[in-house]
Amino acid sequence: MTTATPRFTPSTTSALLTALVFAAAVTAAALVGVLSNPGTAGDYAALQQPSWAPPSWLFGPVWTVLYAMIAVSGWLVWRQRGWQGARTELSLFAVQLLLNAAWSPLFFTAGLRGTALVDIVLLLAALAVTILLFARVSRWAAVLLVPYWAWVAFATALNFSIWSLNTGS
């Protein structure tokens, strides 16, 4: 006989405060990228790029929507299981957020495009596992991360292409 895991039921105040924690964590990851190099658009334009590279103005709106979805996704998993009940899932969520935050400083500020490529490949893998783990807790939490995974997969190909085109220049 198996026993069901008791459902985590946070108070409204706790749920709202935790939503703010997720929003703050995601905002911090975004700000690392934005503040690490204010001249990102100019640096991006100066790089040799593949013909399919998007214009720099597109990144801000796309990432704004994705970051909102990322925060809600993490919050949904917390809301189902709490910190203790979703320790593995939320730890991996934090890892992918740290990998996300590290990419812009590596790629733009330090100019380490190869290292940034390693970072984004690790991010893509961590995100794939996060989606699988989140799906066990909340289908909607997993679904909210799929566009993020797709964008990171595209960004991985773009990172590789830019790295290849600019190696030795």
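Reader: How much of the protein chain counts as buried?

Author: Of its 169 residues, 42% count as buried. Keep in mind that this is a predicted model.

Reader: Okay, and how many helices and strands are there?

Author: The protein chain has six helices and zero strands. Reading from the N terminus, the order of elements is α-α-α-α-α-α.

Reader: What box do the C-alpha atoms fill?

Author: Roughly 65 × 35 × 25 Å, taken along the principal axes.

Reader: Switching to rings. How many aromatic pairs does a search of the whole structure find?

Author: It finds 15 aromatic pairs. One of them joins Tyr 44 and Phe 59, with 5.3 Å from centre to centre and 80° between the planes.

Reader: Is that pair stacked or edge-to-face?

Author: The Tyr 44 and Phe 59 pair is edge-to-face, because planes over 60 degrees apart count that way.

Reader: Which parts does that pair tie together?

Author: Tyr 44 lies in helix 2 (residues 40–46) and Phe 59 lies in helix 3 (residues 59–85), so the pair connects parts that are 15 residues apart in sequence.

Reader: Are Tyr 44 and Phe 59 buried or exposed?

Author: Both Tyr 44 and Phe 59 are buried.

Reader: And what about the rings of Phe 160 and Trp 163?

Author: Their centres are 6.0 Å apart with the planes at 50°, so that pair is tilted. Phe 160 and Trp 163 both sit in helix 6 (residues 139–166), three residues apart, which is about one turn of the helix.

Reader: How accessible are Phe 160 and Trp 163?

Author: Phe 160 is partly exposed at 45% relative accessible area, and Trp 163 is partly exposed too, at 34%. Both values fall in the range between 20% and 50%, so neither residue counts as buried or exposed.

Reader: Which residues do ring pairs link into a cluster?

Author: That cluster is made of Phe 8, Phe 22, Trp 78, Trp 83, Phe 93 and Phe 134.

Reader: New topic: how many salt bridges does a search of the whole structure find?

Author: The search finds one salt bridge. Glu 89 forms it with Arg 81, and the closest N and O atoms are 3.7 Å apart.

Reader: Why does 3.7 Å count as a salt bridge?

Author: Because the cut-off for the nitrogen and the carboxyl oxygen is 4 Å, and the closest N and O atoms of Glu 89 and Arg 81 are 3.7 Å apart.

Reader: Which residues make the nonpolar surface patch?

Author: Leu 31, Val 34 and Leu 35 make it, and the patch is about 300 Å². Val 34 is found in helix 1 (residues 12–36) and is exposed, with a relative accessible area of 52%.

Reader: Last one: what lies 2.7 Å from the side chain of Asn 166?

Author: The backbone oxygen of Ile 162 lies 2.7 Å from a polar atom of that side chain. Asn 166 itself lies in helix 6 and counts as buried, at 13% relative accessibility.

Conventions: Residues numbered from 1 in each chain as written. Predicted model: local features only at pLDDT ≥ 70, side-chain atom pairs only at ≥ 80, totals over all residues. Heavy atoms only, no water. Phe/Tyr/Trp six-rings, centres within 6.5 Å; stacked < 30°, edge-to-face > 60°. Helix = DSSP H or I, 4+ residues; strand = E, 2+ residues; numbered from the N terminus. Buried < 20%, exposed > 50% of the residue type's maximum accessible area, 1.4 Å probe, protein only. Patch = residues over 30% accessible without salt bridge, like charges linked within 9 Å, V, L, I, M, F, W, Y side chains within 5 Å. Areas by Shrake-Rupley, 256 points an atom, 1.4 Å probe, with all protein chains shown as cover. Salt bridge = Lys/Arg side-chain N within 4 Å of Asp/Glu carboxyl O. Polar contact = N/O pair within 3.5 Å; in protein donor to acceptor, adjacent residues only side chain to side chain.
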